[in-house]
Amino acid sequence: MNILITGANGQVGFELQRHFALLGNVLAPDRATLDLADRQAVEHYLEEHRPQLILNAAAYTAVDAAESEPEQAKRLNSKLPAQLAAYAAKHKVYLVHYSTDYVYPGNGETPWQEQSPTQPLSVYGQTKCEGDEAVINSGCQQLIFRTSWVYAARGKNFLNTMLTLGKERDALAVVNDQIGAPTPARLIALVTLQAWQQGIAHGVYHLAPRGVTSWHGFASEIFEQAQGAGVSLAITPDNVHGIPTAQYPTPATRPLNSRLAMNKLETALGVSMPSWQTQLALTLHEHLSAEAAYKHRKEVSQ
Ligand SMILES: NC(=O)c1ccc[n+]([C@@H]2O[C@H](COP(=O)([O-])OP(=O)(O)OC[C@H]3O[C@@H](n4cnc5c(N)ncnc54)[C@H](OP(=O)(O)O)[C@@H]3O)[C@@H](O)[C@H]2O)c1
């Protein structure tokens, strides 16, 4: 089976490559091999390689930049999923697509259900929402995972930014009124693999760990755990100060309520999602091990 993973160098795409390696011939073109913004190039690639499973982890994820580049965001987040879904419907193959909590309106404190009405607040959210609708309306065999606050041991993300800043600064101000669940890319890949192997039904599923926090809570836990692991930091968790979103203006409006109800996925898979704190511990461990190995290699080569 040919398995196409788009966004192969991204956080989720990279983990998907590890997790699907035993299931078939993984095709993981990077941007230099296949520009996903080029409709014709995508069409040729699909015709040439005829994937039987498509995992669409590519996206335009620069939430703030999307406000001034709506066409680029639309191509990746709306038109590409529509194109992949049309191919999947025509050739009767499976499409797994990834989406976001940013499709919801972000008000209140109640967790969103998969059937909650969407009402995105930003260009990114709007384009992702259009992508979901295109996949749903295509009639192809599909799984759409709406996830939140994705991070990983590698790449540019909140965990890595905090660890860098925490070594340089002795105080930080972090937003404390946006509430959601930080989700490691590895967990997303693991759930995708399990869902594929168990053949869970078609449709939209939330995918996040148990429990919620704010960005401030996430940052404080990162520093707490990093300190516990012996990382030398300039900051202490007590010196991470909470600020409201209003004091940290950004071009794109972000939802305050990103809580995602997890019961649909847990019931379908017969699993209980792990807590976001235990998932952070695993991801941090992986990050620190990779960092130590890199340092060691550098010392040996000097
Ligand atoms: N990140 C989050 O916090 C978050 C939250 C909720 C949902 N999600 C969703 O989860 C999914 C995976 O996100 P992620 O965090 O893994 O994203 P990511 O790390 O930003 O990766 C996106 C990937 O898409 C690729 N890409 C973008 N434009 C391309 C183009 N024109 N041609 C070829 N490749 C292109 C990027 O390539 P390069 O490596 O070359 O840039 C990158 O590999 C996405 O659907 C996203 O919307 C993400």
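Start at Q11, where a polar side-chain atom sits 2.9 Å from an oxygen atom of the ligand. Keep in mind that this is a predicted model. Taken on its own, the ligand has 910 Å² of accessible area, and the protein covers 81% of that.

Now look at who makes up the surroundings. There are 24 residues around the ligand, and G10, V12, T61, Y124 and K128 are the ones that come nearest. Sort the shell by class and you get 12 nonpolar residues, nine polar ones and three charged ones. As for where they come from, the elements giving two or more residues to the shell are α1 (11–19), β4 (94–100) and α4 (123–138). Strand β4 has the largest share, with three residues.

Next, move along to helix α5, which spans residues 158–168. At its start, N157 reaches in with a side-chain oxygen, to within 3.1 Å of the backbone nitrogen of L159. L159 is itself one of the helix's buried residues, and the others are F158, N160, M162, L163, L165 and G166.

Technical notes:
Residues are numbered from 1 along each chain as its sequence is written. This is a predicted model: local features need pLDDT of at least 70, side-chain atom pairs count only at pLDDT 80 or more; totals for chains, interfaces and linings use all residues. Side-chain values use heavy atoms; hydrogens and water are left out. A residue is near a molecule or strand if one of its heavy atoms lies within 4 Å of it. A polar contact is a pair of N or O atoms within 3.5 Å; within protein, one must be able to donate a hydrogen and the other to accept it, and residues adjacent in sequence count only if both atoms are side-chain atoms. Accessible areas come from the Shrake-Rupley method with a 1.4 Å probe; for residues, only the protein chains shown count as cover. Helices (H or I, at least four residues) and strands (E, at least two) are DSSP runs, numbered from the N terminus. Ala, Val, Leu, Ile, Met, Phe, Trp, Tyr, Cys and Pro count as nonpolar, Asp, Glu, Lys and Arg as charged, and the others, Gly among them, as polar. Buried means under 20% relative accessible area, exposed over 50%, partly exposed in between (1.4 Å probe, protein chains only).
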